[in-house]
Amino acid sequence: MSADTIVLGRIISLSGERDLGEVAAIAIRAGRVVASGSRSDVELAAGPGTRRIELGPDEIALPGMTDSHLHLADAAIARGELQLADTLSLADGLELVRQAHTAAAPGSWVTGNGWAQDRWGGWPTSADLERVAPGRRIALWAHDHHALWASQAALDLAGVGPGSADPPGGKIRCDEHGIPSGILHETATSLVNARVPFPTVAELEAALPAIARDLVALGVVAVHDPGPLRASPGLGGPLTAYGNLA
């Protein structure tokens, strides 16, 4: 059987004992590399229908990467949420929250991610959110997912108030009067995050293909998903979506 495709140019096989194992050509059949080496060696695998791809002088082919820790389901959903990574100030972030609040259906959550207290010059508060989105349940992850910025309505739903104890491994940030400020750290994030409606299987199935295409374009061809960042009994949602898509 002849190769489906032959790729010619600078190709890194990562098979060398003392170097990167550069070869001049590879042959691919049914999604697998069936020959590699010099151009003349690989041409032996060619047939009448073999397609040839010639890499440019500034191009190089590398094996696809497997990301060993990527929360794929959460990342897929997060792409459709409020994005605060490009905001340079608290005012910028609050303006985006205001717009999301205005567009959101009554009673629904506003969720998002990407804010950074060092970029904004301090920790935001639930009072800040109340000014632009009164009464709205809001949960916004920090850029590193180690802190959650929650609105007063979200804190109330979670039962977080004056005197609430810090969970093991977490911290409820409070003001000088002992009143929760709206920032939850580490395991304390689950107090509010567990109240956020988990995406349905249909929502996950709709969101996953787009992020998968972006990952493939970056050379990431497989991931190990360590599980969702929020509570999901039995992990059924993401696993069911993965199975259906497969």
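These notebook entries record what I looked up in a predicted model.

**Conventions.** I number residues from 1 along each chain as its sequence is written. In this predicted model I require pLDDT of at least 70 for local features and 80 or more for side-chain atom pairs, while totals for chains, interfaces and linings use all residues, and side-chain values use heavy atoms, with hydrogens and water left out.

**Entry 1: leucine 55.** I located leucine 55 in the loop between strand 4 (51-54) and strand 5 (65-67); helices (H or I, at least four residues) and strands (E, at least two) are DSSP runs, numbered from the N terminus. I looked up its relative accessible area, which is 18%, so leucine 55 is buried (under 20%; exposed is over 50%, partly exposed in between, with a 1.4 Å probe and protein chains only). I then listed the contacts of leucine 55 (heavy atoms within 4.5 Å), leaving out residues up to four places away in sequence: Val7, Leu8, Gly9, Arg10, Ile11, Ile60 and Ala61. Leucine 55 and arginine 10 are 45 residues apart along the chain, yet I find their C-alpha atoms separated by 7.3 Å.

**Entry 2: aromatic pairs.** I searched the whole structure and found four aromatic pairs (ring centres of Phe, Tyr and Trp, the last by its six-membered ring, within 6.5 Å; planes under 30 degrees apart are stacked, over 60 edge-to-face, the rest tilted). Tryptophan 115 and tryptophan 123 have ring centres 6.1 Å apart and planes at 75°, so I record this pair as edge-to-face. Tryptophan 115 is buried at 0% relative accessible area, whereas tryptophan 123 is partly exposed at 31%.

I also record tryptophan 115 and tryptophan 149 as an edge-to-face pair, with 6.0 Å centre to centre and 70° between the planes. This pair links distant parts of the chain, 34 residues apart: tryptophan 115 lies in strand 7 (residues 109-115) and tryptophan 149 in strand 9 (residues 147-150). Tryptophan 149 is buried, with a relative accessible area of 0%. I note one aromatic cluster formed by Trp115, Trp120, Trp123 and Trp149.

**Entry 3: nonpolar cores.** I looked up the largest nonpolar core, which has 17 residues (a core is a set of buried Ala, Val, Leu, Ile, Met, Phe, Trp, Tyr and Cys residues joined through side-chain atoms within 4.5 Å). Val97, Trp115, Leu140 and Trp149 have the most contacts inside this core. At least two of its residues come from each of helix 3 (90-103), strand 7, helix 5 (126-132), strand 8 (137-142) and strand 9. Apart from this core I find another of 14 residues, among them Trp109, Ala150, Val160 and Ala188.
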